[in-house]
Number of protein chains: 2
Amino acid sequence: MTTSTTRTKRGKGRDKAAPSRPTQKDIALAAGVSQAAVSLVLNKAETPSVPPATRTRILEVAQGLGYRPNHPARMLRSARTMTFACVIPDITNPFYPGLVRGLQTVAAPAGYDVLIFDTDGRPEREARAIDWLLQGRADGVVATFFHLRAPQLAVLARKGIPVVRLESQHKPDGPLAIDSVYIDNAEAAAEMTRLLIARGHRRIAMIQAEFGPSQRRALGYGTVMREAGLSPDFITDSAYSEESGARAMERLLERKGERPTAVFGASDVLALGAMVTARNAGLSIPDDIAIAGFDDIPVAKLLGLTTVRQPEFDLGALAAETLVRRLLPGGLETPGRSHELKFEIMKRSSV
Amino acid sequence: MTTSTTRTKRGKGRDKAAPSRPTQKDIALAAGVSQAAVSLVLNKAETPSVPPATRTRILEVAQGLGYRPNHPARMLRSARTMTFACVIPDITNPFYPGLVRGLQTVAAPAGYDVLIFDTDGRPEREARAIDWLLQGRADGVVATFFHLRAPQLAVLARKGIPVVRLESQHKPDGPLAIDSVYIDNAEAAAEMTRLLIARGHRRIAMIQAEFGPSQRRALGYGTVMREAGLSPDFITDSAYSEESGARAMERLLERKGERPTAVFGASDVLALGAMVTARNAGLSIPDDIAIAGFDDIPVAKLLGLTTVRQPEFDLGALAAETLVRRLLPGGLETPGRSHELKFEIMKRSSV
DNA sequence: TTGCTTTAGTAATACGTATAACTATGCGCA
DNA sequence: TGCGCATAGTTATACGTATTACTAAAGCAA
C-alpha cells in the first residue's frame, strides 16, 4: 500500500507495466544530493569535491537501487557508442566466426562490443551497411566489402568513423583513417598452384566466385599456370558456398574432354562442396582428383583438405587493435596503413 | 577560404578534425523552419500541418546535407534501441552461426539489428551479459545460458526486456516475458541411443560436457540404456569443443578393459573431436567404433556423422519472431511460453 | 572584521530527437 | 466588424548523462 504508488512514473516507449530502471536522478533524490554529484561519484575514481562519507552513501544507494548507467544516454552525451561493427558477407561461412572471436578478444577488454552485420556479398546490402554506420551506431568498423571501393568508404572516415578493411592485397597508404589487414592472396594462391604443379598436375582448374577475394586468388593461380606453360581453367559460380562449389564441380565432371586432375577452390567452402560432389561421383581424393582450398576453416583439418591458412583470429585481433588505437585521442590523424600477416600452406591428404 | 570556417563546430568526444554529421537543427536552419518541423516531416508519412512545398524543401535539404538520424539520440528519446542481443557460449561453435542467421532474417525486416555476446559458457560472463543488458543496450535477448536460471533472468523481464531462451526441454509457462524455444533434448538423445542399441551396440559411451544442454541429453541416453539393461558410461570433459571431444576419446582408448563399440557425443563438435582421435588411433568408423553426435552442424553432413538435427535457423527465426511480438504494444503482458520444434535423427555413415 | 581558501557540493547546459501544447495569420461567413 | 476555423507552423519539454561554471558555508590568518 505504501510504496506501490510512487514507482510507476514513465511508461513511455516501454509498456506501461515495465518499471523503468533507476536513473542518477533517482539516486540523487534518495541520497539527498544533486544528480551532478551522483554522476561525479560514479564516474571518477577520485572526487575532491565529494567527501568520502557522501561518496559511499551515493554508492550504497546506487547499489541498493540496482543502478546501471543508461547506455543510450551515455552514447548521446559522449558521442561514443563503445561498439565496433563487423561487416561481413555471411557469419555462416566458417571463416568469419574466428575473425569475430579475434575481434572480440581485443575489443572486450577495451570496452567495446561487437555488432555483426551480414551483407551476403550483395552491393545493396553493403550500401545499407554504410548508411547504417552513418547513423552513429558504431565507433569503428571492421569490414569485408566485395563491391564498395575506397571512395564509398571515405565518407565514414571523414565523419570520424575509422574503418579497417579485410583485404586481399596491399593497399597504398591514404590520408584517411582507413586501414587494412591482409595476407597476400595472390602470392598464396600462386604458391598453392606451384605445389599442385610440383605434385605433377597439369590440368588444374580453379573454382572461383564472381566477387570478393577470389579475384586476387585467381590472379596468383593464373600467373603461375601461364608461367608453367599451362592454361588456366576457371569455373565461376555465384557465391562462396558449398552449393556453388558443388555446382562448379558438377560442371567439371560433365565435361566431355579430359577432366582436370586437380581442383583449386578459391575458398574452403567452395573446395568442400567440390569435394563432396567428387566423392559422390565415385572419385577418390586425391588419387582421382586432388582438391585444394583457401582459408583453412576449422573443418579443413578434419577433412584433410590441403589449403592456405589465413590467420583469421589474428586478423580480427589486429583489426580490433587498429581500431582501438584509432579511437585514442588524435588517432584519426595518422595516414591509413596496410598490415600484412603471413599465410601458410597446410599440406594435408587432399592433394 | 569561404566555407572552411563554419564547418567545425563540435569537436567534442570525437577528434577535432572530424566534421560532425548534420543534425535536424542544421536542416531546419538551412530550410528556414524549426527543428520540430524537420522531425515531423522526416518521421511521419503524412503531415497535415506542413504543406507539400515546405515538406519537399525540407526533404531536399536533408538529402543535400546527407542527413542520417542519430541513432543514440533516437534511442534515448524513444527508449528503443532497435537491437536484439544474442547471448551464446561461442560463435565459433558451428551450431550458432545458423541460429544467428535465423535471428537476423526475421529481425532485419522488423528493423532490428543483432549484437553478439559470447559467454564462453562461463558463469561470470553470463552474469556480465545480464549486467550489460540492464544498461539498455538491447530491446530483447535471445540467449543460451549454461548457468543462470530463471530468477536471475527475471530482473530483465521485469525491466521490460523480453528474453527468449534457447532451452533443452519444455519450461512451464511463467508470468514474466521469458519465453523459450527448444527441441526435446532428452527424447532426441533417447532416440539416438535406441538407434545405437538397435544396431547391435551394447557398450555405448557418452561424451558429455559439464554444463549446458549435455545434461538433458545425458538423461535421455541414461534412461534408455538402463531400460535396455545396459549401464550408462559417461565421460565428462569441460567444454563443447573438439579438444574436449578428443581428450575424452583418448581416455576411452586408454582403458584397459573392454572398450565401447559406440560413442555418443553430446554435441557434434565433441563427436568430431572424438572421431578424429579414433581415426588417428587407426580405428575405422563405424566398423571399429560407431560415433554419433548432436546438433547437425553443417560439417556433420560432409563427414557422414550420424547425429540429431536441431533446426538452428528455425529456432533463431522463431526466437526473433517471439521477440518482435513481445515488443509490440502490450506484448509483455502475456505469460511466458515454451515453443517446441521437432528434431530429426540424421542417419549417416558414422553409425 | 575582512579577505582568502578550502570544502562540498549545486545549477545550468548540451548532446539530437520526438512530441504535446501552443500561436500567429488569413480567410470565410454571419 | 467580429468570430471561428483551418493553415502552417513554432515553442517548450523530456529522455539520462557528463561537465563546466558557479556558490554557500566554514575555517583560518592577518
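First thing I asked: are α5(B) and α13(B) parallel, perpendicular or oblique to each other? Before answering, housekeeping. This is a predicted model, where local features need pLDDT of at least 70, side-chain atom pairs count only at pLDDT 80 or more, and totals for chains, interfaces and linings use all residues. Residues are numbered from 1 along each chain as its sequence is written, while chains are lettered from A and ligands numbered from 1 in the order written.

**Helix pair.** I looked up α5 (residues 95-107) and α13 (residues 312-326) of chain B: their axes come within 7 Å and cross at roughly 40°. Axes here are lines fitted to C-alpha atoms, for helices over the stretch in contact, with angles from 0 to 180 degrees between N-to-C directions. Helices (H or I, at least four residues) and strands (E, at least two) are DSSP runs, numbered from the N terminus. So α5(B) and α13(B) are oblique to each other; under 35 degrees counts as roughly parallel, over 145 as roughly antiparallel, 65 to 115 as roughly perpendicular and the rest as oblique. The residues of this contact divide into 12 nonpolar, four polar and four charged. My classes: Ala, Val, Leu, Ile, Met, Phe, Trp, Tyr, Cys and Pro are nonpolar, Asp, Glu, Lys and Arg are charged, and the others, Gly among them, are polar.

**Chain A against chain B.** I found 49 residues of chain A in contact with 49 residues of chain B (contact: C-beta atoms, placed from the backbone, within 7 Å). On the chain A side, α4(A) gives the most, with six residues. By class, that side has 23 nonpolar, 12 polar and 14 charged residues. I also checked the strands: β2(A) and β2(B) pair in the antiparallel sense over three bridges, with V114(A) bridging to I116(B). Pairing needs at least two DSSP bridges between the strands.

**DNA strand D.** I counted 27 residues around DNA strand D, A36(A), N70(A), S34(B), A36(B) and S49(B) being the closest; near means a C-beta atom, placed from the backbone, within 6 Å. The largest share, six residues, comes from α2(A).

**Sheet in chain B.** Last, I traced an open sheet of six strands, order β7-β6-β8-β9-β10-β12, with mixed pairing. The edge strands are β7(B) and β12(B), each pairing on one side only. Helix α11(B) lies across β6, β8, β9 and β10 of chain B, running at about 155° to β9(B).

Notes. Two residues are in contact if their C-beta atoms, placed from the backbone, lie within 7 Å.
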